[in-house]
Amino acid sequence: MSSKTVFPARLGGTVNVPGDKSISQRVAILASLADGTSKVTGYLNGEDARSTLSAMEQMGAKAEFRDDALYITGVAGRLQQPDEPLDMGNSGTGTRLLAGLVAGAGIEVAMIGDDSLSSRPMGRIRQPLELMGASIGLTGKRGTLPMMIAGGNLKGIGYLLPMASAQVKSCILLAGLYAEGKTTVIEPRPTRDHTERLFQSLGIPVEINGLEVSLKGFGPKGPRFNARDFTVPGDFSSAAFWIVAVAARPGAELLIENVGLNARRTALLDVMRRMGADIETTVTDATGDPYGTIKVRGAVLKGTVIEGDEIPNLIDELPIIAVAGALAEGKTEIRDAAELRVKESDRIAEMVMNLRLFGVEVEETEDGMIVSGPALLKTPSVALNSKGDHRIAMSMAVLNSFSDAAVTIDNVGCVDTSYPDFWRHMEQLGGKVT
Ligand code: S3P
């Protein structure tokens with residue numbers, strides 16, 4: 001089990017965050033389905049993105065890292081049945097998206113994952129995929145991995161998502177590519193739309209009407225589309241740690257370049273502005289998934305309420321928003337975020353427990369928490385444990401940069417799933433980590 005000791009520090013400067021985890025995995029899937037070779041620049045060199053790419057290689061795609069780029073040669077719509085189970089590691093996105101794809105392609109696949117992934121609910125994809133005609137076996141104790149998928153000959157469905165989930169939406173759309181007829185997904189709230197944007201960039205027609213996304217299936221042979229080059233922007237969710245680290249520090253400044261600025265991902269910026277931070281963004285390119293530059297100047301923050309439609313657009317940023325709440329004056333309330341309980345860990349329970357170890361006053365609610373600040377941070381008397389959740393480990397590291405003593409965080413190998421350079425970047429921005 002790996003540990004890091006993080007010392008108090010004043011963070012600021014310039015950083016380039018790694019490639020977007022959601023986009024990287026979708027690019028791996030779609031380039032692997034394409035006809036020809038795609039050059040991918042900026043692909044995330046993290047474990048989740050590697051698990052998804054390896055799974056596609058097991059199903060016939062060829063991938064090669066050469067001269068700072070990834071080259072993927074696709075199977076032209078015809079996936080091969082893998083000889084071994086697909087080991088999805090920690091990746092919920094890879095698991096749910098690939099379940100849809102392989103159900104459509106009509107091959108038989110088993111999927112396994114690490115302890116955290118093996119405790120996450122998969123019933124949410126079983127229901128729509130079975131309505132489309134696939135058969136999904138969940139052999140874990142409570143609707144969890146290991147998962148057996150057998151599909152083929154799917155029919156399109158109209159499906160109202162019971163929860164706002166881009167993973168479930170994308171799972172159904174990928175299955176819908178191989179279905180007969182039209183597939184329509186209706187979302188209760190807008191979620192990240194990377195799948196739809198990539199479909200459009202590959203010439204796969206999707207119709208978007210408010211919260212309704214539809215596509216006409218290509219039938220069991222699946223879609224045929226040509227390979228193209230992709231550039232993956234920096235991951236806004238990785239940038240979020242530094243945005244909060246600087247926004248809550250009066251006088252500090254931060255510049256982040258080439259970072260994703262898709263509005264369905266950046267609601268954290270609205271929250272930080274409401275809390276009093278000074279943030280400027282410049283879009284460099286908006287032809288595909290928009291990206292550009294973020295400049296942050298720190299300030300004395302004040303509490304705010306985060307709820308409703310904002311939640312899916314900052315779902316992965318809620319742990320670090322709770323940290324911002326601990327540093328802000330007054331109450332910061334997170335509501336409507338019960339989905340946090342089924343992420344890589346129960347992020348409500350874990351954040352509440354960890355914040356309390358730092359002496360922060362926080363009330364746990366069923367679907368969120370109320371954090372009172374500004375806290376007079378005390379050094380936890382025990383080592384913290386990430387519980388295998390990368391965003392918990394990174395949030396606690398940022399919080400401790402505001403304290404006045406070192407803290408040790410155990411079980412930090414998980415940070416490699418999304419941000420292998422996190423500790424190096426913390427030092428580059430002025431932090432000290434051993
Ligand atoms: C993701 C969607 C979100 C997010 C996850 C990545 C994606 O999950 O939390 O980290 O790539 O589609 P849900 O869609 O299940 O909320």
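The following dialogue shows how several features of a predicted model may be read.

Biologist: Let us begin with helix packing. How are two packed helices described?

Modeller: Two packed helices are described by the angle between their axes and by the distance between those axes. In this predicted model, take helix H7, residues 236-247, and helix H11, residues 390-400. Their axes come within 10 Å and cross at roughly 20°. Angles under 35 degrees count as roughly parallel, and therefore H7 is roughly parallel to H11. The crossing of H7 past H11 is right-handed.

Biologist: Which residues in H7 and H11 meet?

Modeller: From H7, the residues are Ser237, Phe241 and Ala245; from H11, they are Arg391, Met394, Ser395 and Val398. By class, this contact of H7 with H11 has 4 nonpolar, 2 polar and 1 charged residues.

Biologist: At what angle do the axes of H7 and helix H8 cross?

Modeller: The axes of H7 and H8, the latter spanning residues 267-275, cross at roughly 10° and come within 10 Å. These two helices are therefore roughly parallel to each other. Phe236, Ala240, Ile243, Val244 and Ala247 in H7 meet Leu268, Leu269 and Met272 in H8. The residues of this contact divide into 8 nonpolar, no polar and no charged.

Biologist: Where is Val412 found, and what does Val412 contact?

Modeller: Val412 is found in the loop between strand S23 (407-410) and helix H12 (422-428). Val412 is buried because its relative accessible area is 4%. Beyond its neighbours within four places in sequence, its contacts are Ser2, Ser3, Lys4, Ser386, Ala393 and Trp423. The C-alpha atoms of Val412 and Asp278 are separated by 31 Å, and these residues are 134 apart along the chain.

Biologist: Let us turn to cysteines. What is a disulfide, and how many disulfides does the structure hold?

Modeller: A disulfide is a covalent bond between the sulfur atoms of two cysteines. The structure holds 0 disulfides. Cys171 counts as buried because its relative accessibility is 0%. Cys414 also counts as buried, at 9% relative accessibility.

Biologist: Which value does phi take at Ala76, and which at Asn153?

Modeller: Phi of Ala76 is near 50°, a positive value in a residue other than glycine. Ala76 is in the loop between strand S5 (69-73) and strand S6 (86-87), and at 7% relative accessibility Ala76 counts as buried. Asn153 is not a glycine, yet has a positive phi of about 50°. Asn153 lies in the loop between S9 and strand S10 (158-160). With a relative accessible area of 67%, Asn153 is exposed.

Definitions and conventions. Residues are numbered from 1 along each chain as its sequence is written. This is a predicted model: local features need pLDDT of at least 70, side-chain atom pairs count only at pLDDT 80 or more; totals for chains, interfaces and linings use all residues. Side-chain values use heavy atoms; hydrogens and water are left out. A disulfide is a pair of cysteine sulfur atoms within 2.5 Å. Buried means under 20% relative accessible area, exposed over 50%, partly exposed in between (1.4 Å probe, protein chains only). Axes are lines fitted to C-alpha atoms, for helices over the stretch in contact, and angles run from 0 to 180 degrees between N-to-C directions. Helices (H or I, at least four residues) and strands (E, at least two) are DSSP runs, numbered from the N terminus. Angles under 35 degrees count as roughly parallel, over 145 as roughly antiparallel, 65 to 115 as roughly perpendicular and the rest as oblique. A crossing is left-handed if the near helix is turned anticlockwise from the far one by less than a right angle, and right-handed if clockwise. Contact means heavy atoms within 4.5 Å. Ala, Val, Leu, Ile, Met, Phe, Trp, Tyr, Cys and Pro count as nonpolar, Asp, Glu, Lys and Arg as charged, and the others, Gly among them, as polar.
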